[in-house]
Amino acid sequence: MTKPSTRGPSGAAALPATRAYDEVAVGEVLPDLSIPVTRTLIVATALASRDYQDVHHDPDLARERGSKDIFMNILTSNGLVDRYVTGWAGPAAVVKAIRIRLGAPNHPGDTMVLTGTVTAKSDADRCVEIAVRGTNSLGAHVAGTVSVRLPEEAR
């Protein structure tokens with residue numbers, strides 16, 4: 001049996017297929033996603049989201065304010081949760097809501113592991129709800145839910 005190509009007609013990497021609503025079941029577990037938390041990731045994403053708070057780029061001032069080092073901002077955590085769910089759901093999925101809470105900070109040199117489970121489905125609008133958790137060496141960094149609408153058929 002031949003494995004399907006992950007390349008498009010031009011030889012470029014093809015987009016992953018979007019999950020169809022009917023092929024998703026409550027209780028389905030999403031694959032883990034490990035994200036190395038680098039100093040560059042923390043600083044670049046804080047600046048990209050126009051968050052100029054010194055605790056996201058200045059280690060000395062972060063320590064002065066009681067942290068062991070700089071730490072990731074909530075906009076980056078939110079974006080990584082979105083990336084995690086849409087990476088599983090596919091490019092035609094539509095994120096309807098993200099509700100998260102932060103816990104332990106993400107410091108440089110750590111790894112955040114995102115996990116998720118489908119907790120509900122709504123036939124009326126083809127939305128699925130996914131409980132998401134991101135943990136690092138200090139414990140839970142982020143926890144919450146993501147609601148995503150899926151198409152009727154895989155694309």
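Predicted model: local features only at pLDDT ≥ 70, side-chain atom pairs only at ≥ 80, totals over all residues.
User: Which residues have the most contacts inside the largest nonpolar core?
Analyst: Those are Leu114, Val128, Ile130 and Val132. The core has 28 residues.

User: Which elements each supply at least two residues of this core?
Analyst: β1 (29-37), α3 (74-89), β3 (110-122), β4 (127-136) and β5 (139-149) do. The largest share comes from α3, with six residues.

User: What does valine 132 touch?
Analyst: Not counting residues up to four places away in sequence, valine 132 touches Val81, Tyr84, Val85, Leu114, Thr115, Gly116, Val142, Ala143, Gly144 and Val146.

User: Back to α3. How many residues does α3 have, and how far does α3 reach?
Analyst: α3 has 16 residues and reaches 22 Å from its first C-alpha to its last. That is close to the 22 Å expected at 1.5 Å a residue.

User: Which residues of α3 are buried?
Analyst: Thr76, Ser77, Leu80, Val81, Tyr84, Val85, Trp88 and Ala89 are buried.

User: And what covers them?
Analyst: The cover over the buried residues of α3 includes β1, α1 (39-48), β2 (94-102), β3, β4 and β5.

User: What comes just after α3?
Analyst: Glycine 90 does, and it takes a positive phi of about 105°.

User: New topic. How many salt bridges does the structure hold?
Analyst: It holds five. One of them joins aspartate 69 and arginine 39, with the closest N and O atoms 2.7 Å apart. The two partners sit in distant parts of the chain, 30 residues apart: aspartate 69 in the loop between α2 and α3, arginine 39 in helix α1.

User: Is aspartate 69 buried or exposed?
Analyst: Aspartate 69 counts as buried because its relative accessibility is 11%, and the cut-off for buried is under 20%. Arginine 39 counts as partly exposed, at 38%.

User: What else is aspartate 69 in contact with?
Analyst: Leaving aside neighbours within four places in sequence, the contacts of aspartate 69 are Arg39, Pro59, Ala62, Arg63, His107 and Pro108.

User: Arg63 is in that list. Which residue does arginine 63 form a salt bridge with?
Analyst: Arginine 63 forms a salt bridge with aspartate 60, and the closest N and O atoms are 3.2 Å apart. Both residues lie in helix α2, three residues apart, which is about one turn of the helix.

User: Why does a spacing of three residues matter in a helix?
Analyst: An α-helix has 3.6 residues a turn, so residues three or four places apart point the same way.

User: And how accessible is that pair?
Analyst: Arginine 63 is partly exposed, with a relative accessible area of 42%. Aspartate 60 is exposed, at 55%.

User: What does arginine 65 pair with?
Analyst: The side chain of arginine 65 meets that of aspartate 54 in a salt bridge of 3.2 Å, N to O. Arginine 65 lies in the loop between α2 and α3 and aspartate 54 in the loop between α1 and α2, so this pair ties together parts that are 11 residues apart in sequence. Aspartate 54 is buried, with a relative accessible area of 19%.

User: Which residues are linked in a network of salt bridges?
Analyst: Arg19, Glu23 and Glu28 are linked that way.

How values were computed: Residues numbered from 1 in each chain as written. Heavy atoms only, no water. Core = buried A, V, L, I, M, F, W, Y, C linked by side-chain atoms within 4.5 Å. Buried < 20%, exposed > 50% of the residue type's maximum accessible area, 1.4 Å probe, protein only. Helix = DSSP H or I, 4+ residues; strand = E, 2+ residues; numbered from the N terminus. Contact = heavy atoms within 4.5 Å. Expected span 1.5 Å × (residues − 1). Salt bridge = Lys/Arg side-chain N within 4 Å of Asp/Glu carboxyl O.
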